[in-house]
Amino acid sequence: MQYENEARVLFTSKSENERFARVFIAGFLTPLDLTISEMTEIKTAVSEAVTNAIIHGYEEKRGNVELFCAYRENKVYIEIADSGSGIENITLAREPLYTSKPEMERSGMGFTIMETFMDQIHIQSEEGKGTRIFMEKTFTKE
Amino acid sequence: MELSFSKKNKTVIIMVSGEIDHHTSKELRWQTESAYIDMSVKNIIFHFENVTFMDSSGIGMLIGRYKQLQSIGGKISVVSANEKITEIMQFSGLSKLIPLFDTIEDAFSYTEGREHHAV
Ligand SMILES: Nc1ncnc2c1ncn2[C@@H]1O[C@H](COP(=O)(O)OP(=O)(O)OP(=O)(O)O)[C@@H](O)[C@H]1O
Ligand SMILES: [Mg+2]
């Protein structure tokens, strides 16, 4: 698909970069004049997927996280990918309150937040290879 | 993220400024735990008026504190959360455990065990 505008960034899986990812996406989407609510929802969904890559994908070890974002007409497209552990059971992982790391004070709400705030989410994952999250959101255009 | 702590009766009021994510929630957790012990209080009010962002890491941190306080009969509440944070706390079910208030007075009445008017 030919996007109107797209950007891709690769960064180290350090928790400082969770904020960087949110600033990056917000900066990229600035020309779209999103509502504060839409912008916050997208930033939150990105933050969830990036945090998952760092905590679960790489288990806080060093790796690269990829963030791709694009838009066309009134739709935003986002992909977040890691080359970490992969997800064993995607159906289980998507369930609200499911977490594989309760001892780390995780609540198991990450995917639920992504699903609530974005229109569509698709998870591609292979054990030992990594995970790629695809998200889409239609925004209001006056 | 910036934090400031004050004490009133048996409650510590924690004023949080900035963003709560996985990176900052660790510090928020240990600072809260040490203030709770140092000030020898029973309850916690998180003042979120200046919190501009919170994701599931904030939910985890709040549930963690809720569980710690529950075992000793302490109460915890959040005051002045913005619209999105309120939404997240509501659909995750968190606001049933940790009620949200518009004013510090209402939050204080709740944690100190007087009348309460949750949002
Ligand atoms: N990138 C990833 N790589 C490997 N496993 C993942 C990845 N993302 C999610 N998971 C798995 O899916 C589970 C559910 O993810 P979700 O984000 O919903 O909850 P959580 O991260 O455990 O908790 P929270 O997001 O509330 O802090 C995780 O506990 C983890 O086992
Ligand atoms: Mg998560």
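**Exercise 1. The crossing of two helices in chain A**

Determine in which hand H1(A) passes H2(A), and describe the contact in this predicted model.

*Solution.* 
Step 1. The crossing of H1(A) over H2(A) is right-handed.
Step 2. The residues that H1(A) brings to the contact are Glu18(A), Ala21(A), Arg22(A), Ile25(A), Ala26(A) and Leu29(A). From H2(A) come Met39(A), Ile42(A), Lys43(A), Val46(A), Ser47(A), Val50(A), Thr51(A) and Ile54(A).
Step 3. Sorted by class, the residues of this contact comprise 9 nonpolar, 2 polar and 3 charged.
Step 4. As for geometry, H1 (residues 16-29) and H2 (residues 36-57) of chain A pack at an angle of about 145°, and their axes lie 9 Å apart.

**Exercise 2. The interface of chain B and chain A**

State how many residues each chain gives to the contact, and characterise the side of chain B that touches chain A.

*Solution.* 
Step 1. Chain B contributes 22 residues and chain A contributes 24 residues.
Step 2. The two chains bury about 1,900 Å² between them, and 54% of this area is on carbon and sulfur atoms.
Step 3. Across the interface there are 6 salt bridges. A salt bridge requires a side-chain nitrogen of Lys or Arg within 4 Å of a carboxyl oxygen of Asp or Glu. The side chains of Glu105(A) and Arg65(B) form a salt bridge, with an N to O distance of 2.8 Å.
Step 4. Between chain B and chain A, 13 residue pairs are in polar contact, both residues being at pLDDT 80 or more.
Step 5. On chain B, at least two residues of the touching side are supplied by each of helix H1 (22-38), strand S3 (43-54), helix H2 (56-70) and helix H3 (83-91). H2(B) provides the largest share, 8 residues.
Step 6. The side of chain B that touches chain A holds 7 nonpolar, 7 polar and 8 charged residues.

**Exercise 3. The surroundings of Leu3(B)**

Locate Leu3(B) and list the residues that Leu3(B) touches, leaving out those up to four places away in sequence.

*Solution.* 
Step 1. Leu3(B) lies in strand S1 (residues 2-8) of chain B.
Step 2. Leu3(B) touches Ile14(B), Met15(B), Val16(B), Leu28(B) and Gln31(B), with residues up to four places away in sequence not counted.
Step 3. Thr32(B) is 29 residues from Leu3(B) along the chain, and their C-alpha atoms are separated by 9.2 Å.

Technical notes. Residues numbered from 1 in each chain as written. Chains lettered and ligands numbered in written order. Predicted model: local features only at pLDDT ≥ 70, side-chain atom pairs only at ≥ 80, totals over all residues. Heavy atoms only, no water. Axes fitted to C-alpha atoms, helices over the stretch in contact; angles between N-to-C directions. Helix = DSSP H or I, 4+ residues; strand = E, 2+ residues; numbered from the N terminus. Left-handed = near helix turned anticlockwise from the far one by under 90°. Contact = heavy atoms within 4.5 Å. Nonpolar A, V, L, I, M, F, W, Y, C, P; charged D, E, K, R; others polar. Buried area = accessible area lost by both parts, 1.4 Å probe. Polar contact = N/O pair within 3.5 Å; in protein donor to acceptor, adjacent residues only side chain to side chain.
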